[in-house]
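Try each one yourself before reading the solution.

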Amino acid sequence: MPDQREPIAATAARSPRRRRRAAGVILGCLLCAIGSARPSDAQEAAAPRLVTVEELTDELRRTHALAIDKPKEVASFVFAALKERVEVYPTENYYYFRFTHGGVAYAGNFRLDPLDRDKGRIHFAYYEEAAEWKPDGPERYLELDAAAGFAVERLAPLAYAVTHGGRRVVFELNDLSAVRPPAAAMDARDVFIGPIFDESALRFFLLYNRAAKTFHYVLDETAGVIERFDALKGAPRILVGRRTGFAFYRDHRFDRKILIGAFARNVRLNTYLDGPFDQLPENFIQGEALREAIIDSDPAAKGRIGRLGHYPGGNRYAIGTYMHYERLSDLLRVEACAQKRLRQPTYYRCFVNPPR
């Protein structure tokens, strides 16, 4: 399948509308729970949700009449299983799901793309979950509209009703329009492109540093962070998340943590933990901020890139500036660069992979 994004740095780009792989059965189930729960549900929960191997085994042993090779039938099955109102957390408007069929785990998404959702379209894709021991299975993709039996109605700037098979589901897109980075997390030369909610359930600020000509994903700590961090031995400014594997650098100059790495296996398998390159803040980009930043960092994009970072045909420019690390020791070169350039204008280029 052709890549959908043209990267600034090494990045895992995927096929039409970018398929989303899940990182194993238990992780997939937990992330689906995160994606479908309303914020109030999370706040009111008295205890963690328990997932047992018994439940997972029973689900795998079930037989289904679903025709897995017929995308329209699968789309109808997924749609029928949704609640009447769903919250689409990721900021590129993907509503992810997973299920098992015939002993095989599948994952996929509905997506309300800003380029055509107001034209009455919703996108649907599903595929076998990836694993390093097997080849990729086929990906199936549909563009759905009223003619295909899926009527899409705009209710508000960030709310859409989809009607199919006698059911109506309201997709509420994540409203982060009021989110701004604290002053202590901004350099005077930084441009705030927008807020990001990643499918890892972490939030970021996407910044562009005009002096260094680099993009940075800065951890948003204003609403609580669903993660615990360990300092890297020998480099205490490098913090690695126990759940996500995301690596951050505690900036010497400002009170912020800059994303510097995602675990390479998650990137290869395109899991929920491959980093925020595919969850850009497309609903919240003001004016020409993103396009101007892309062209400033990569003049070759001039005349080819749209306001939301799209190329003609819908392919997206990938901002994948963080490292895909195989070993924790790989991260140490960021520390070495930062210490060497601490007082130099090129300091912030240390957090781009490879450092420039």
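Two strands pair if DSSP finds at least two bridges between them. Strands (E, at least two residues) and helices (H or I, at least four) are DSSP runs, numbered from the N terminus. This is a predicted model, where local features need pLDDT of at least 70, side-chain atom pairs count only at pLDDT 80 or more, and totals for chains, interfaces and linings use all residues. Residues are numbered from 1 along each chain as its sequence is written, and side-chain values use heavy atoms, with hydrogens and water left out.

**Exercise 1.** Find the bridge partner of H101 in β4.

*Solution.* Start with β3 (residues 94-101), which runs antiparallel to β4 and is joined to it by 8 bridges. Now look for H101's partner: that's V104. Between the two strands of this hairpin sit 2 residues, and G102 takes a positive phi near 60°.

**Exercise 2.** Work out which residue of β5 pairs with A107.

*Solution.* First, β4 and β5 (residues 122-128) run antiparallel, with 6 bridges joining them. Then pick out A107: its bridge partner is Y127. As for β4 (residues 104-111), 7 of its 8 residues are buried (under 20% relative accessible area, with a 1.4 Å probe and protein chains only), so β4 is largely enclosed by the rest of the structure.

**Exercise 3.** Which residues of α4 are buried, and what covers them?

*Solution.* In α4 (residues 71-81), pick out P71, V74, A75, V78 and F79. They cover an arc of only 135° around the axis (taken from the directions from the axis to the C-beta atoms), which puts them on the same side of α4. Their cover includes β3, β4 and β5, contact being heavy atoms within 4.5 Å.

Notes
Buried means under 20% relative accessible area, exposed over 50%, partly exposed in between (1.4 Å probe, protein chains only).
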